[in-house]
Amino acid sequence: MDANQGSAPSLQVLMLEDIETDADLAQHELERGGLDVTVHRVETRPDFERALESFAPDLILCDFSLPGAFDGLAAIDLTKELSPGTPLIVLAGMVGEDRLVEAMRRGAADCVSKARLGRLVPAVKRALLEAARRRIDLQKHTGFSALDDQLRDAYADERFILHYQPRLSLETGEVCGLEALMRWSHPELGLLLADEFIPALEDSGLICEVGTWALTRAAADAGSWLSKGYSVPSVGVNVSAVQLRHDDFVEVVASAIAGRSSGVNIDLELTESVVMADIEGNARKLEALRAQGIKIALDDFGTGYSSLSYPAHLPADTLKINRAFVASMTTSPTQATIVKTIISLARCLNLRAVAEGVETYDEAKLLRDLLCDEGQGYLYSRPVPAEQVGGMLERLDAYRH
Ligand code: C2E
Ligand code: CA
């Protein structure tokens with residue numbers, strides 16, 4: 001038996017903070033939360049850099065605004081460069097405030113449990129930090145209160161658009177479906193990715209209207225591809241928690257796609273956190289949708305607090321494996337084992353396994369060897385505007401074998 005079993009590992013926390021007593025307070029609050037931690041305080045860029053390189057912290061806490069040029073934002077940039085896998089919490093406010101104490105404790109508890117599991121946490125990808133950075137730019141650019149107005153104007157001016165990315169059978173190379181991914185064509189900032197504005201749409205509540213529009217738009221686009229003779233077995237549309245929470249969600253979805261042409265199939269993609277909030281109520285809603293021929297994909301599997309039994313309790317058709325696992329599986333046997341386990345789980349539960357973020361031939365080959373059903377990612381195509389889908393489908397014919 002493992003001698004350390006049951007004893008929490010000590011967590012090394014790096015804290016960027018100019019006030020010494022705040023670091024002491026953070027240490028105290030984390031210990032009061034039952035965690036065994038050591039908080040190392042640094043104040044300057046060189047010290048922060050040295051600490052990242054010398055002791056590989058489990059968690060970084062950053063004061064958002066420090067007096068000098070090196071603050072929370074600069075620390076995000078540096079972490080992104082030097083230690084992209086390290087979780088980082090930016091603290092804006094007083095360290096003793098309840099919500100910050102809660103955020104610190106939750107972040108630290110997360111790190112402890114992941115360390116115990118052998119660090120299942122997928123490395124924070126450069127692109128994610130980039131997206132976080134651009135989101136902050138967006139907020140700075142617009143101001144928090146003006147953002148809601150901008151979102152409303154964008155919706156009214158039809159500046160939200162859908163791009164489409166294909167999923168391919170790893171066995172035959174055939175296109176099994178497309179995923180609709182939302183973009184905001186911003187007049188000054190250019191084309192914004194979903195990660196950069198979906199949270200703001202959710203906060204404003206506007207996601208319900210925009211999400212309903214996305215369903216109708218995707219169904220109409222699919223109809224037009226079919227009428228031009230392209231084979232598009234289904235189109236997946238992402239659904240957020242705010243939408244699913246509504247009592248009339250099933251009716252809203254059904255009526256949004258009611259006018260679709262025959263042969264158009266719409267799938268819904270939901271993440272684990274979305275579904276877990278009210279697993280029984282949501283299972284009923286998803287079952288009602290499936291009864292109408294709508295397939296359900298469990299998105300980003302493996303990222304949240306996945307319990308292996310969670311997909312078993314839900315009416316679903318597909319399990320989408322988060323791209324962070326896919327990205328690291330060819331170099332890390334542990335990650336490859338995780339992917340293999342998720343694929344086996346999908347098979348046991350009669351779900352199709354879809355790997356997200358397939359970027360290389362090696363990844364595609366390994367996934368095929370592991371009997372993963374489908375792959376989606378830049379290897380086959382980046383998400384493209386609706387008018388380029390026909391050309392993309394023709395090009396992908398080359399992958400059929
Ligand atoms: P997701 O459902 O996990 O979508 C996949 C994300 O991975 C997309 O980012 C896609 O552009 C990106 N991606 C695809 N292939 C690759 C690859 O090979 N490498 C890498 N590095 N990335 C790849 P995107 O478009 O920024 O979307 C982010 C998330 O925003 C989506 O994650 C989805 O959860 C959400 N989202 C997108 N569209 C909608 C929408 O219409 N409604 C709602 N509620 N959420 C949406
Ligand atoms: Ca998705």
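A residue is counted as near a molecule if its C-beta atom, placed from the backbone, lies within 6 Å of it. In this predicted model, 25 residues surround ligand 1, the closest being Ala194, Asn238, Ser240, Gly377 and Tyr378. Strand E6 (175–186), helix H7 (194–204), helix H8 (207–227) and strand E10 (295–301) each give two or more residues to this shell. Its composition by class is 12 nonpolar, six polar and seven charged residues.

An open sheet is built from four strands in the order E2-E1-E3-E4, with parallel pairing. Strand E2 (37–42) and strand E4 (88–91) form the edges, each pairing on one side only. On average, neighbouring strands of the sheet are turned by 20° against each other, direction ignored. Strand E3 (residues 59–63) and E4 run parallel and are joined by four bridges; Ile60 has Leu88 in E4 as its bridge partner.

| Helix | Strands touched | Angle |
|---|---|---|
| H1 (residues 20–32) | E1 (11–16), E2 and E3 | about 165° with E2 |

Helix H10 (residues 249–256) packs with helix H12 (residues 279–291) at an angle of about 25°, their axes lying 9 Å apart. H10 is therefore roughly parallel to H12, since angles under 35 degrees count as such. The crossing of the two helices, H10 and H12, is right-handed. In this contact, Phe249, Val250 and Val253 of H10 meet Lys285, Ala288 and Leu289 of H12. By class, the contact residues comprise five nonpolar, no polar and one charged.

Technical notes: Residues numbered from 1 in each chain as written. Chains lettered and ligands numbered in written order. Predicted model: local features only at pLDDT ≥ 70, side-chain atom pairs only at ≥ 80, totals over all residues. Axes fitted to C-alpha atoms, helices over the stretch in contact; angles between N-to-C directions. Parallel < 35°, antiparallel > 145°, perpendicular 65-115°, else oblique. Left-handed = near helix turned anticlockwise from the far one by under 90°. Contact = placed C-beta atoms within 7 Å. Nonpolar A, V, L, I, M, F, W, Y, C, P; charged D, E, K, R; others polar. Pairing = 2+ DSSP bridges.
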